[in-house]
Amino acid sequence: MSLAWLFDLEVVYVATGVVLAVFAGFTLADRANRARIGTAMFWLVLGVLFALGSHLPAWLNGVLVVILVAIDGLGLVRQGSYREAGQAERAAGADRHGLLLFVPVVLIPTLTYAGTRVFQGPGYTANDVLYVGLGLSSAVATVVALWITRARPVLLAHDGRRLADAIGAVLILPQLLAALGEMFKTAGVGRVIASSVAAVIPTDSLLAVVLVTCASVVLFTFIMGNSFAAFPVIMAGIGVPLLIEPFGVSPALVGLMTLTVASCGTLCTPMAANFNLLPPALLEMRDRHGVIKFQAPVAAAMFAVHVLLLWGLASFAA
Amino acid sequence: MEWLRLIGVAVVVVGFALRLRVTVVVLAAGIATGLVAKGLDGGFGPGILPALGQAFVNGRIITLLVLSLPVLGLLERAGLQEECSRVIRRAGAATAGRLLVAYHVFRSLIGIAGIRLGSGHVIFTRPLVVPMALPAAGLAGSAGPGGSEGGASGAEVSPDDADRAVEIDRIKAAASASENYANFFGQNLFFGSPGVALVVKNLADNGHVVSALLVAKLAIPVAIAALLLAGLQYALLDRWLRRRQAARAASPAEIAP
């Protein structure tokens, strides 16, 4: 019996929309939040985009995105009160449940992974199985956590909303930046960058071409926030015509090094919001650029490593 | 006029520099880019607003982490972070830096095994890594990721508390970074990873056939270099924490009555 029908991303989109709508409902009743109407609207509109986004006309989705940004722009996404547990209550919980508390946390990655192994083959799309599996694993972990802690289910709404509000409007940033990347691609931003770099590059020195290839893919990744978007543009514009073909460098070497050196750009850019801006919000850090600042020295060193590896291995093999 | 296509980039740079609200800056950059492209080409696919709405909806996969927030929040209420610090206290030799080395290796192994999990920050860093790293650095009293609320809320902040807040922030940054380092530089060790597939497909499109295994093999020196450089950074973090704590012990700040 095939369960392929289950692994439809629409399932998790609707589930996420429902969760967000529940957050919105509880927010509306939260008198401790000075912007409870704005905050509730924000989660509700996002929930609508999730649950109905596949069916609404594209222009209406666009309008809803503008509304989300307007609510945040007016400073109307704020935190409220969530019946937080005090230190004593949490310590008593740890006394009572001990290591059992780790079970649901471990279940999420384990079940997700198991799902990708069990449900493969014809009819299954790997990505859909992964993300639907992640959603289902979260649901199973939720039930197990309720069973272990004997907590009232309504607390799920309060605690989920507490984390969502702590992240705030930063939650939509990764998606918004991905949309901006699409706009850049449609507008031909990559073409402009690759052609202007290719016009000025000194093409007779292997080291110079290696350096320019690495630097331009890092720069373009910094702008796009996504190495997978920058990679094909730089390969087509610089890597293949100026490095692989004239110098006879191993294509696999150029390809891999160009892709991973691009990550040095990802480590330094606020455009990669899911890696660099979401964590400070999720971890409630004071400095929202703290992760980028910490990563910058390692990114610089890894850039040098890539240039040396690519140059060294290319010269060695030539 | 081709360079005008980069207007969105300029908007982002200026917006970030002026510290304007990021969502607004990004939206403005998207609209500006669409307007310029429309002006230069006489059209922009289906129109700017629909393109934006469609792209946002197509990216929903990125934000599925919402589904795991309720259970993680509930477990925090039930004492998950406290249990993390107890586990760390039992393992005597742990420091924040050593813990991050262990996490970096663990996360790389996950990559080698070809296991993809979405955001490690949500399922590992917030519930486990930070609540273990803080007590390992002797900052247990400040609770977990929501550290600020654990201490003396309402009361005035002593210089020591301000010192500790800086250390807590740095440890949280390091924990996030270890997830990124191991993810970015470790995932291509698996020949079936999306990154390796992208390289193989791109080269094939450009007329060069290469084996995925060879590409994955070339990722080995990259992963090793990342572990060494990150390991050095984690060790420096430990030294920085030790020095600050030693300085604090040597000159105890006045304790407010």
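The model is predicted. Chain A comes with 15 helices and 0 strands, and chain B with 10 helices and 0 strands. Between them, 113 residues of chain A are in contact with 104 residues of chain B.

**Chain A overall**

- Take the C-alpha atoms of chain A along the principal axes and they fill a box of roughly 70 × 45 × 45 Å.
- Chain A has 318 residues, and 54% of them count as buried.
- If you look at contacts in chain A between residues at least 6 apart in sequence, 73% of them join residues at least 24 apart.

**Chain B overall**

- Reading chain B from the N terminus, the elements go α-α-α-α-α-α-α-α-α-α.
- Chain B has 257 residues, of which 53% count as buried.
- For contacts in chain B between residues at least 6 apart in sequence, the share joining residues at least 24 apart is 72%.

**Where the chains touch**

- On the chain A side, the contact with chain B involves 113 residues, facing 104 residues of chain B.
- The top contributor to that side of chain A is helix H8 (residues 173-187), which gives 13 residues.
- Sorted by class, the side of chain A that touches chain B holds 79 nonpolar, 26 polar and 8 charged residues.

- Helix H3 of chain A (residues 58-73) packs with helix H3 of chain B (residues 48-58) at an angle of about 80 degrees, and their axes are 7 Å apart.
- That angle makes H3(A) roughly perpendicular to H3(B).
- From H3(A), the residues involved are Ala58(A), Trp59(A), Leu60(A), Asn61(A), Gly62(A), Val63(A) and Val65(A). They meet Leu49(B), Pro50(B), Leu52(B), Gly53(B), Gln54(B), Phe56(B) and Val57(B) in H3(B).
- By class, this contact of H3(A) with H3(B) has 10 nonpolar and 4 polar residues, with no charged residues.

**A helix pair inside chain A: H1(A) and H7(A)**

- Helix H1 (residues 9-28) and helix H7 (residues 154-167) of chain A cross at roughly 95 degrees, and their axes come within 10 Å.
- H1(A) and H7(A) are therefore roughly perpendicular to each other.
- H1(A) brings Val19(A), Val22(A), Phe23(A), Phe26(A) and Thr27(A) to the contact, where they meet Ala157(A), His158(A), Gly160(A), Arg161(A) and Ala164(A) of H7(A).
- The class tally for the contact of H1(A) with H7(A) is 6 nonpolar, 3 polar and 1 charged residues.

**Helix H8 of chain B**

- H8(B) covers residues 159-186, and at 1.5 Å a residue its 28 residues should span 40 Å.
- H8(B) is mostly covered, with 21 of its 28 residues buried.

**Zooming in on Pro127(B)**

- You'll find Pro127(B) in helix H7 (residues 120-136) of chain B.
- Pro127(B) counts as buried because it has 26 C-beta neighbours inside 10 Å, and the cut-off for that is 20 or more.
- Leaving out residues up to four places away in sequence, Pro127(B) touches Leu72(B), Leu75(B) and Leu80(B), along with Val105(A) from the other chain.
- Glu76(B) is 51 residues away from Pro127(B) in sequence, yet the two are 7.7 Å apart in space, C-alpha to C-alpha.

Key:
Residues numbered from 1 in each chain as written. Chains lettered and ligands numbered in written order. Predicted model: local features only at pLDDT ≥ 70, side-chain atom pairs only at ≥ 80, totals over all residues. Axes fitted to C-alpha atoms, helices over the stretch in contact; angles between N-to-C directions. Helix = DSSP H or I, 4+ residues; strand = E, 2+ residues; numbered from the N terminus. Parallel < 35°, antiparallel > 145°, perpendicular 65-115°, else oblique. Contact = placed C-beta atoms within 7 Å. Nonpolar A, V, L, I, M, F, W, Y, C, P; charged D, E, K, R; others polar. Buried ≥ 20, exposed ≤ 12 C-beta atoms within 10 Å, placed from the backbone. Expected span 1.5 Å × (residues − 1).
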